[in-house]
Amino acid sequence: MEILKTKVTRRRFLQASGVAGAAGAGYSALSVVPAASKEAHAQAAAGNTVVNKSICGQCPARCGIDVYTTNGKVHAIYGNNGHPIANGKGCPKMHLGTYILYDPDRFKGPMKRTNPKKGRDEDPKFVPISWDEAFKTVGDRLNALRDKGESHRFGLFFGRGWGASDVGVNIVPFGKLYGSPNVPIGHSSICSDGSVLAKQCTDGNASYSSYDYRNANYLLMFGANFLEAYRPYNNNLQVWGYIRGEKTPKTRVTYVDVHMNQTGAAADRALLLKPGTDGALALAIAHVILTEGLWDRPFVGNFKDGENKFKTGEKLDPSSFNEKWVSGLIEWWNVELKDRTPKWAEGVTTIPADLIIKTAREFGSTRPAIALFERGAHTHSNGVLNGMAIHSLNALVGSLFAEGGLGYQMGPAYGDAPANPDDFMDAYAKEGPWKKFGRIDMQGHDDGYKMAKNMIQEAGARQLDGKAGYKLDTAMFYMTNPCFSTPNAKDWEEALKTMYVIDTSPFPGETAWMADLVLPDNTYLERWQDAPTYPFQGFPLAQIRTPAIKPLYDTRTFGDVLIGIGKQIKGPTGEYYAKLGNVENILRHIAKGFEKTPGDNGVNSFETWAKEGVWFKKPYVFRQVRGEFFKWDGKGYNITMKPDEVKKDLLKTDSGKFEFKSSYMEHKKDWILAKTGRNAEKYNFPHWEEPKYTGGGDLHFISPKTAMHAEGRSGNLPNAISMFQPTVGGKKQALVEVHPSVAKAKGIADGDSVKIKSSQGEILAIARVTELTRPDVIVLPFEHGHWAHGRWAKGRGSHVDTIVVQQSDRISGMANYYSAKASIEKA
Amino acid sequence: MAKWGMVIDLEKCTGCQACSTACQMENNRLPGENYQDVLYYTEGKQPAPTLSWFPRPCMHCEEPSCMHVCPTKATFKTEDGVVLIDWNKCIGCKFCMIACPYGVRFYTDEKPLIEPNIKSVFKGEGDLSWNPPYKGPQQDASHGVGIQPNGVVSKCTFCYHKISKAPKGTPDLSNDDPALREFVPACVRTCAPTARYFGDLDNPNSKVNRLISAKKGVRLLDHTGNKPQVYYLTGGGAAGGAIPSSRANDKKA
């Protein structure tokens with residue numbers, strides 16, 4: 001009986017699938033040219049399996065990958081065994097690459113808008129155009145702006161490319177040759193500028209750090225979800241297996257966050273604190289390290305008489321202490337630390353004082369130890385202060401540039417590009433009217449964010465209110481979608497209606513929906529590209545993408561599109577881009593640097609680079625050992641560095657030391673005091689400041705990244721959606737984590753539809769009642785809530801940035817995603 | 001002949017699901033139907049809740065209950081110890097799905113987890129349930145490898161299309177040896193923290209046997225008598241762990 005039933009079901013399914021298929025084919029609002037290109041078909045006849053070297057595109061870690069192609073179809077991706085970050089391994093996202101390549105919603109070629117009206121409900125009515133027409137359209141537009149002296153009204157916004165130099169062609173020269181302060185504007189202020197500024201203010205390096213985790217014996221992590229969302233993710237997982245399963249002694253880990261996640265669960269101790277109070281915890285840990293005499297004397301220095309004088313609440317004479325590689329310790333103690341007791345911190349963070357003391361003792365007495373932090377700690381109004389306090393712990397235990405500590409990333413031994421932009425500057429580029437204008441996002445402006453690197457989240461609002469003194473005429477977007485991903489994303493959405501928009505994504509998205517012109521990029525498996533490493537272990541490393549297959553459709557690598565547009569610009573700019581040729585030509589030129597400096601894996605040319613997929617040269621050449629700095633001489637760390645060399649290469653502050661008292665902030669003292677209202681005594685020390693929460697609700701609203709966030713595309717990958725939020729079972733969409741006490745008070749049952757409200761708006765979500773989150777925190781990972789991102793993404797889940805209010809850290813410009821508050825009720 | 005088995009070190013596992021995504025890529029799995037999953041559990045209360053996870057592939061049992069109930073002998077045990085389904089013989093009766101204590105078998109024709117149904121987007125030809133452009137080149141119905149046909153049950157094959165090509169006599173298949181990497185099951189090959197090991201349980205010198213011995217490997221639901229060939233390490237020298245062990249009762253020992 002069962003057997004017969006099954007057979008019937010099987011036949012029925014076959015009939016049913018035909019019907020469902022016809023319905024499915026009807027959806028193609030943005031698909032214009034259906035067929036794959038002839039080249040792709042020609043390749044299909046080829047036959048056997050080919051393995052190409054490339055770079056994963058799912059996070060900034062840039063893992064080397066082996067791409068398996070058989071009969072012209074890419075079917076598998078594994079880590080490159082010879083790549084120092086990947087080591088042949090993969091994270092869960094690495095294997096999603098084929099779905100991205102074959103996403104059925106991909107754009108099939110360049111298109112222009114025919115519906116002049118823009119809006120969520122306005123079909124752009126795209127029609128296909130040729131690449132020639134596309135280049136001419138953009139070229140004419142940009143030349144006309146330049147002729148009018150309005151070239152500053154062109155903006156180029158980019159996200160994960162990654163970085164201005166990593167698209168195969170450097171984006172930055174386009175701005176200075178064409179003449180616009182808005183080329184480029186990066187996305188770092190919605191990414192992680194809080195940590196960059198915290199490092200810049202204390203040790204003088206405007207950068208993320210490189211880490212020697214494998215040799216550390218203690219890791220103290222603040223809001224950096226090491227096993228889900230912190231880069232380099234794949235390598236972090238490898239590190240974890242080693243330090244927890246193989247290394248002797250086993251590395252101890254304390255993890256600080258606002259809800260329980262995989263990192264917290266896997267750590268020895270999870271401290272779940274009130275959002276935005278990470279700095280208070282770090283200050284209390286510093287207090288214990290000093291009062292209990294646990295600081296690293298060779299790096300920090302000591303009291304002149306050798307006796308520990310740090311006593312809670314008691315001021316000290318700065319002259320009583322001899323500082324070695326730090327500056328301002330006693331002043332920091334006097335203005336801030338002396339009163340930052342664990343008991344005080346318990347009141348701020350809700351973490352019991354005894355656990356703070358235990359953590360501080362472990363961290364302070366285990367060497368080497370690393371304190372690391374990321375967005376959880378710094379996407380707040382007090383973010384840079386939190387970051388400075390946490391990073392100062394590294395100075396106190398002497399981990400800067402130490403084995404098992406942290407340093408900064410060295411760049412690769414690249415050769416020269418085919419042309420130098422400085423040789424192609426015309427009079428307009430040098431002194432044209434564009435020079436008078438600041439950036440549209442008011443980065444660097446006295447009335448804006450003077451110390452920020454970028455302010456992409458406010459560019460939309462400035463476009464609408466004109467505060468920058470002008471409005472953009474044309475904007476181009478590369479791997480960024482600010483009308484979806486910035487707080488109060490609605491501003492950007494409205495702004496896109498007021499300008500000519502060029503999107504370059506290979507996929508449909510909200511920016512493309514508002515675009516006038518779509519110049520689709522190749523996906524990462526179809527293109528040439530280079531990428532120097534994101535900060536990793538310090539030693540120089542650069543990987544390369546080689547195309548696994550020819551583009552499936554009539555798409556072009558963004559780098560080549562930028563060159564194509566550049567060639568349209570009249571005068572020497574056009575000549576510069578003609579000289580660059582194409583991305584592959586640029587890569588061939590820069591690879592010449594490897595001839596002089598061969599990599600450890602024998603890479604000494606473009607061909608060997610493409611064959612191995614990576615060039616690298618170990619070791620990281622700097623090392624601090626017990627308060628002395630050394631350089632690598634080829635055999636060992638044998639060259640002693642003089643203080644001025646340390647200042648030039650490593651501790652790049654005015655004092656040439658790690659500064660608890662920041663000279664970088666002191667240079668902007670008046671501006672900081674005026675804009676932040678901070679205490680003139682404390683403003684340039686790591687100190688506690690209550691975060692300014694936004695949104696007005698009774699609960700903290702946290703929208704973290706999950707492990708399955710594949711650089712914005714997971715929302716349209718059914719395989720990724722089904723595994724998106726594993727800890728609480730968000731398999732169809734992300735669920736909002738609600739503590740049982742909140743659920744009870746508000747009459748919410750597990751699985752209920754709920755309304756989440758802030759002062760800015762409201763969204764619907766599905767509740768997951770769980771003990772994983774604090775009673776004062778609701779957690780809803782960002783990813784879903786798209787309205788024009790492809791058939792699987794559309795209408796799925798909740799758009800968190802509808803309710804996250806626009807507020808940024810005055811110092812870093814970092815968007816304060818996690819300062820959000822909201823209320824929740826049954827829908 | 002080897003008796004292939006797997007060791008999963010729960011102390012090293014980060015719960016990242018790369019095993020599951022590598023599996024879905026290598027075996028053309030539908031969303032939510034990976035041959036292997038990671039299960040997550042929450043216990044306790046704030047401020048000290050417990051979150052834990054458990055990676056669960058097919059156990060490739062020595063005494064597979066799924067095989068014993070199969071009316072057509074479609075499920076069979078290979079000479080090298082792997083439990084497979086011959087799709088040419090499977091009639092889709094699902095007895096095996098009920099008999100399996102681990103819930104690691106999959107039937108076609110289920111309602112899709114994610115709409116729109118990806119099977120309707122990449123429609124299958126002939127008897128195959130779908131035809132994704134990224135499907136792998138291997139299709140071997142008699143070993144249950146490749147795109148699942150309509151009306152049959154499927155399951156983890158230990159990536160039989162890979163391991164069956166391994167040089168004979170190899171004690172362990174590991175990605176660390178470049179010469180062996182193409183023979184390693186996808187979940188083992190990609191596992192970043194190296195929480196998974198794959199080797200010959202009949203070879204006393206294999207790394208899997210050394211780990212089972214040194215770290216007190218245990219098997220899931222061992223009381224069923226299925227005798228899984230997947231062992232779990234539950235934390236250094238802590239004997240017993242969370243999972244009862246009865247390795248001493250190994251039939252061949």
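Residues are numbered from 1 along each chain as its sequence is written, while chains are lettered from A and ligands numbered from 1 in the order in which they are written. Because the model is predicted, local features need pLDDT of at least 70 and side-chain atom pairs count only at pLDDT 80 or more, whereas totals for chains, interfaces and linings use all residues.

Along the principal axes, the C-alpha atoms of chain A fill a box of roughly 80 × 75 × 55 Å. Of its 827 residues, 61% count as buried. A residue is buried if 20 or more other C-beta atoms lie within 10 Å of its own, exposed if 12 or fewer, and partly exposed in between, with C-beta atoms placed from the backbone.

Chain B can be described in the same terms. Its secondary structure comes to 7 helices and 9 strands. With a radius of gyration of 18 Å, close to the 18 Å from the globule rule for 253 residues, chain B is as compact as a globular protein of that length. Its C-alpha atoms fill a box of roughly 55 × 50 × 40 Å, taken along the principal axes, and 53% of its 253 residues count as buried.

Where the two chains meet, 56 residues of chain B are in contact with 64 residues of chain A; two residues are in contact if their C-beta atoms, placed from the backbone, lie within 7 Å. On the side of chain B that touches chain A, at least two residues each come from helix H1 (18-26), strand E2 (37-43), strand E3 (50-56), helix H4 (118-121) and helix H6 (186-190) of chain B. H1(B) gives the most to this side, with 7 residues. By class, the side of chain B that touches chain A divides into 25 nonpolar, 20 polar and 11 charged residues. In this scheme Ala, Val, Leu, Ile, Met, Phe, Trp, Tyr, Cys and Pro count as nonpolar, Asp, Glu, Lys and Arg as charged, and the others, Gly among them, as polar.

Within chain A, the domain assignment gives domain 1 (210-407) and domain 2 (699-826), with bounds that come from an automatic or database domain assignment. The C-alpha centres of these two domains lie 29 Å apart. In all, 19 residues of domain 1 are in contact with 24 residues of domain 2 of chain A. Helix H14 (375-378) and helix H15 (383-396) of chain A each supply at least two residues of the side of domain 1 that touches domain 2.

Helix H4 (residues 131-147) of chain A makes a friendly example of how a helix can sit in a protein. It has 17 residues and reaches 24 Å from its first C-alpha to its last, close to the 24 Å expected at 1.5 Å a residue; the expected span is 1.5 Å times one less than the number of residues. Its buried residues are A:Ala134, A:Phe135, A:Thr137, A:Val138, A:Leu142, A:Leu145 and A:Arg146. Seen down the axis of H4(A), these fall within an arc of 160°, so they line one face of the helix; the arc is that of the directions from the helix axis to the C-beta atoms. The face turned away from the buried side carries the exposed residues A:Asp132, A:Asp140 and A:Asp147. Among the elements that cover the buried residues of H4(A) are strand E6 (154-158) and helix H21 (558-568) of chain A.

Finally, some backbone details stand out. Most residues other than glycine have a negative phi, and most peptide bonds are trans. A cis peptide bond joins A:Thr248 and A:Pro249, with omega about -5°. The bond from A:Arg367 to A:Pro368 is also cis, with omega near -10°. In chain B, B:Lys216 has a positive phi of about 60° although it is not a glycine, and B:Lys216 counts as buried, with 20 C-beta neighbours inside 10 Å.

Conventions. Helix = DSSP H or I, 4+ residues; strand = E, 2+ residues; numbered from the N terminus. Rg over C-alpha atoms; globule rule 2.2 N^0.38 Å.
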